[in-house]
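Subject: Structure handover and findings

Dear colleague,

Please find below the sequence and structure that I am handing over to you. My findings follow directly after them.

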Amino acid sequence: MGFKVMGVAAGRKNSNGEILLKEALLACQEQGAEITMINLNDYDLKDCTGCTSCTMGMSMGKYTGCALDDKDDKKKIMNVLLDQDAVIFAAPTFALMPCSTFLKFMHRNLAYETAFLTKIGAIQHRDRVGALIAVGGSSRAWQSMALECMHATTFSNSFQIVDKYMATMVPAPAQVLLHDEKLARAREVGMNVMKALNTPVAERGWLGDENEGWCPNCHSNCLCLGEPQWRGLQYPIECTVCGAGGDLVKTEDGKWKFVIAANGLERDRTSEEGHGVHCDEIADTQGGFFMNPENHKIVAEKIQKYKNIQFKGI
Ligand SMILES: Cc1cc2nc3c(=O)[nH]c(=O)nc-3n(C[C@H](O)[C@H](O)[C@H](O)COP(=O)(O)O)c2cc1C
C-alpha cells in the first residue's frame, strides 16, 4: 500500500511557500505516495477561544472534542490530516514567526492532542512523519522564530519532524522560481519524508542538515536560561522548542555547543512520553483547581472587583 502524504500551505496562492511545498510533494508522488494538498486560506477557520473544555475533559479522562467542531472547517481538515502517514507544512514568515493563519489553525490542535488522548485511551497511537518549510523575504535573522514556532505547533499531533527548511530572501510573489537551489532543497524535503516513511519507526531520525540549529535533539536555533519547571526540574540551559535540558560547553576550537544532560530528555516534547508529562501537569494544575471547592469560593468572591471595572474601550 502506498503512503499518504499531505501538504498544508498557509501563504499566497501560487507563491513561494506553495511552490516549494509542491516541489516537495512531487518528490513524494514520484515515489508512489498518494498526495493531498490544501491552502488554509481556502477554509473557514476560527480562533481557539481558549475555553479549554477539551483539556478539562482530558484531565478527567474523557474525550470531549472541540467546542467549535461544527462551527468551521477544522474538524473536516483534521479528519483527513490525521489519516496521513506524513504531512509537510509550509508557512510564510510574518514578524519573525509563522503567519497567523498557520498559527490559528495549529493552535486548534489542543482538542486533537494525540499524546493526551492516547494516554487516556481515547485513541490508538499512530506514528506520523512531518517536515517544515518556512519562507520569508529576509535572512534567518528576520525569520528567527519561524521554524521554531512551526515545530512547536506539531507536538500536539506527535509528528516526528525529520527535516525543516527555511527559504530566505524571497519577498516577492513566486520569486523563489529564480532560485533552482531552493527548489532542489524543497525536493530534498520530500525525499527525506519518503526516506523516513520507508524506515522502520524505531530507526527513524533527523534527516536534515546534522549541524542545523543549537539543539542536537530537535535542531532548533533557540535556547533559553532554565527556570524551575513543574515539580522542580531545572536545567542551566533549555531548548525553547523541545525542552531538552543541558548546558553550554566550549569546544576545543573555542565555539559554544549545547550539550544535553544525562536526564535532559526527561520532558522531551518531541516524544509522546515526554510530551505526556505536560498532560499530568495540566491534570494537576487545572484538574487540581477544579477539584477543590474552596478554590471556586475564593475566585467567586474576588472576581467581582474585576468584573465591576470597566475601562474605556475603542
Ligand atoms: C505582514 C508581513 C510581515 C512579514 N514579515 C516578515 C519577516 O518578519 N521576515 C521575513 O523574512 N519576511 C517577512 N515578510 C515577507 C514574507 O514572508 C514573504 O513575502 C514571503 O515570500 C511570503 O510567502 P508566500 O509567497 O508563500 O506567500 C512579511 C510579509 C508580510 C505581509
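How many nonpolar, polar and charged residues make up the shell around the ligand? By class, the shell has nine nonpolar, nine polar and one charged residues, where Ala, Val, Leu, Ile, Met, Phe, Trp, Tyr, Cys and Pro count as nonpolar, Asp, Glu, Lys and Arg as charged, and the others, Gly among them, as polar.

Before the details, two remarks on conventions. The model is a predicted one, in which local features need pLDDT of at least 70 and side-chain atom pairs count only at pLDDT 80 or more, while totals for chains, interfaces and linings use all residues. Residues are numbered from 1 along each chain as its sequence is written.

Ligand surroundings

Of the 19 residues around the ligand, those that come nearest are G11, S15, G17, P92 and G136; a residue is near a molecule or strand if its C-beta atom, placed from the backbone, lies within 6 Å of it. Helix α1 (16-30) and strand β3 (86-94) each supply at least two residues of this shell. The most come from β3, which gives three residues. Helices (H or I, at least four residues) and strands (E, at least two) are DSSP runs, numbered from the N terminus.

Overall fold

The chain's secondary structure comes to nine helices and ten strands. For 314 residues, a compact globule would have a radius of gyration near 20 Å, and the 21 Å of the chain agrees with this. That radius is taken over C-alpha atoms, and the globule rule is 2.2 Å times the number of residues to the power 0.38. The C-alpha trace spans about 65 × 55 × 50 Å along its principal axes. Of the 314 residues, 38% count as buried; this requires 20 or more other C-beta atoms within 10 Å of the residue's own, whereas exposed residues have 12 or fewer and partly exposed residues fall in between, with C-beta atoms placed from the backbone. Among contacts between residues at least 6 apart in sequence, 70% join residues at least 24 apart, a contact being two residues whose C-beta atoms, placed from the backbone, lie within 7 Å.

Nonpolar cores

The largest nonpolar core has 59 residues, and those with the most contacts inside it are L20, A24, I88, A90, I133, A134 and V193. The largest share of this core, seven residues, comes from α1. A nonpolar core is a set of buried Ala, Val, Leu, Ile, Met, Phe, Trp, Tyr and Cys residues joined through C-beta atoms within 7 Å. Leaving aside residues up to four places away in sequence, L20 touches A90, I133, V135, A167, V176, K182 and A186. A second, separate core of eight residues includes M58, A111, Y112 and F116.

Strand β3 and its partners

Strand β3 is mostly covered, with eight of its nine residues buried. It runs parallel to strand β1 (residues 4-9), to which five bridges join it, and A86 of β3 is the bridge partner of V5. Seven bridges join β3 to strand β5 (residues 128-135), also in parallel, where A86 has V129 as its bridge partner. Two strands are said to pair if DSSP finds at least two bridges between them. With strand β4 (residues 97-98), β3 pairs in the antiparallel sense over two bridges, and F94 stands opposite M97. These two strands, β3 and β4, form a hairpin with two residues between them, and A95 in the turn has a positive phi of about 50°.

Helix α6

All of helix α6 (residues 146-154) is covered, since nine of its nine residues are buried. Its buried residues pack against β3, β4, α4 (100-107), β5 and β6 (159-167).

Individual positions

N39 is found in strand β2 (residues 34-39) and is partly exposed, with 19 other C-beta atoms within 10 Å. Not counting residues up to four places away in sequence, N39 touches A9, K13 and E18. K75, in helix α3 (residues 74-81), is partly exposed, with 16 other C-beta atoms within 10 Å. K75 and A111 are 36 residues apart in sequence and 10.0 Å apart in space, C-alpha to C-alpha. G313 lies in the segment after α9 (293-308) and counts as exposed because it has 4 C-beta neighbours inside 10 Å.

Yours sincerely
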